[in-house]
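Please look over the sequence and the model below.

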Amino acid sequence: MSRSLDESKELMLRTAAGGEIVLAHATAIRMVAAWTLAPAPRDPIAHYAAAHGKARQHLVRLATHDPAAEVRSVMTGELFVRMTDAVPAPLTAPAGVQRYTYTPRKILRRVLDHALDHLNQIDQWLTWRRDGIVPTPTDGWVPSTETLPDDRLPLAERDLGAWLWRIDQAAQLLRQRASALTPDELDWAPPDGGWPLRRVLHHVARSELLYSTAIDDALPSADPETRYLEACRRLGEAVRGTSGRGQDPSVVYAGLYGVLRTPDQVIGDVMTIEDELLVGVS
């Protein structure tokens, strides 16, 4: 696996040198792969509980950061589309790149809104399954690609404490509601091809860590090649971590959008998307 990744990296650096957009997307898929290779509990409720515990270690530090500084995440809007479309089109370098960015308050907003959104989804899915009532979208949140004026306001420790109380309450409600689901309810596949709730819960767990670590674990803000090389290094560490783990039925590798993958599949995804990116620049 490591050799294939290194070969793809060298080809990317030779072909896309100076190509900021291409390297931004390549950096994103490398980091998404690294997150996926962090072993998670097979039980999605246990996964979410563990992820919230880890996320909170970063959330409690948010008042120590510059409240107005917008930190660039590795994730891009185009990669989101590539990874979530039912029939995804190849990822090529468009005219630009849609950035995910975070401030301390924006991180808190996204963590809370995301938990509430999917808490609401559980009841909508149960009603859909039982009564055939198609859900009505209730997305009132603003995505990570947009920054609100309030996202840049100062964040005092007292403010942070109030945010954390709300976030902890939402996380507890989500865990309690999910714990009452039967295996059939967790695995019910909506007739429109939507995600089963088991996948949703793995997604919420991974996403909370994406949001909460956006500042503490940010890549260097230097040139695109430096960011890409750091993403390669972090993915390399994650790959080496899987090699000695062996087969553990209690552990899964859950992607950012809740899909369970093997380590070989994760690496294959990276090389597939990097190949797609290079088609337009070779």
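## Ser 8 in helix α1

Ser 8 sits in helix α1, which covers residues 2-15. This is a predicted model. The relative accessible area of Ser 8 is 8%. Ser 8 counts as buried because that value falls under the 20% cut-off.

What does Ser 8 touch beyond its neighbours within four places in sequence? Its contacts there are Arg 30, Tyr 228, Met 271 and Glu 274.

## Helix α2

Helix α2 has 17 residues. At 1.5 Å a residue they should span 24 Å. The end C-alpha atoms are 24 Å apart, so span and expectation agree.

Is α2 largely enclosed or left open by the rest of the structure? Of its 17 residues, 14 are buried, so α2 is largely enclosed.

## The cavity

Rolling a probe the size of a water molecule over the atoms shows where empty space is left. In the whole structure, the search finds 1 cavity of 30 Å³ or more. The largest cavity holds about 90 Å³ of space.

Three elements each give at least two residues to its lining: α2 (20-36), β2 (71-76) and α9 (224-243). The largest share is that of β2, with 5 residues. Among the lining residues are Glu 20, Leu 23, Ala 24 and Thr 27. Arg 72, Ser 73, Val 74, Met 75 and Thr 76 also line the cavity, as do Arg 99, Pro 224 and Arg 227. By class, the lining has 5 nonpolar, 3 polar and 4 charged residues.

## Ser 73, a lining residue

Ser 73 belongs to strand β2 and is part of the lining of the largest cavity. Is Ser 73 buried or exposed? With a relative accessible area of 8%, Ser 73 is buried.

A polar atom of the Ser 73 side chain lies 3.2 Å from the backbone nitrogen of Met 75. Met 75 also lines the cavity. Leaving aside neighbours within four places in sequence, Ser 73 is in contact with Tyr 100, Thr 101, Tyr 102 and Arg 227. Arg 227 is another residue of the cavity lining.

## The largest pocket

About 870 Å³ of space lies in the largest pocket. Its lining has 36 residues. Which of them lie nearest the centre? They are Asp 117, His 118, Asp 139, Trp 141 and His 203.

Helix α5 provides the largest share of this lining, 9 residues. The elements that each supply at least two residues are α4 (77-84), β3 (99-102), α5 and α8. The lining divides into 17 nonpolar, 15 polar and 4 charged residues.

## The second largest pocket

The second largest pocket has a volume of about 540 Å³. It is lined by 26 residues, and Trp 35, Leu 209, Leu 210, Thr 213 and Asp 217 are the closest to its centre. Two or more lining residues come from each of α2, β1 (40-41), α3, β2, α8 and α9.

Helix α3 gives the largest share, 5 residues. By class, the lining of this pocket has 16 nonpolar, 4 polar and 6 charged residues.

## Helix α6

Helix α6 runs over residues 157-179, 23 residues in length. From first C-alpha to last, α6 reaches 32 Å. That is close to the 33 Å expected at 1.5 Å a residue.

An α-helix has 3.6 residues a turn, so residues three or four places apart point the same way. The buried residues of α6 are Leu 160, Trp 163, Leu 164, Ile 167, Ala 170, Ala 171, Leu 174 and Ala 178. Which helices do these buried residues pack against? Their partners are α3 (44-59), α5 (104-131) and α8 (197-212).

Pro 154 lies in the loop between α5 and α6. Its relative accessible area is 58%. Pro 154 counts as exposed because that value is over the 50% cut-off.

Pro 154 and Asp 66 are 88 residues apart in sequence. In space, their C-alpha atoms are 8.2 Å apart. Leaving aside neighbours within four places in sequence, Pro 154 is in contact with Pro 67, Arg 105 and Asp 159.

Technical notes
Residues numbered from 1 in each chain as written. Predicted model: local features only at pLDDT ≥ 70, side-chain atom pairs only at ≥ 80, totals over all residues. Heavy atoms only, no water. 1 Å grid on protein atoms, 1.4 Å probe; cavity = no way out; pocket = protein on both sides within 12 Å on 5 of 7 lines; lining within 4 Å. Points joined across faces, edges and corners; volume = space filled by probe spheres on them. Helix = DSSP H or I, 4+ residues; strand = E, 2+ residues; numbered from the N terminus. Nonpolar A, V, L, I, M, F, W, Y, C, P; charged D, E, K, R; others polar. Buried < 20%, exposed > 50% of the residue type's maximum accessible area, 1.4 Å probe, protein only. Polar contact = N/O pair within 3.5 Å; in protein donor to acceptor, adjacent residues only side chain to side chain. Contact = heavy atoms within 4.5 Å. Expected span 1.5 Å × (residues − 1).
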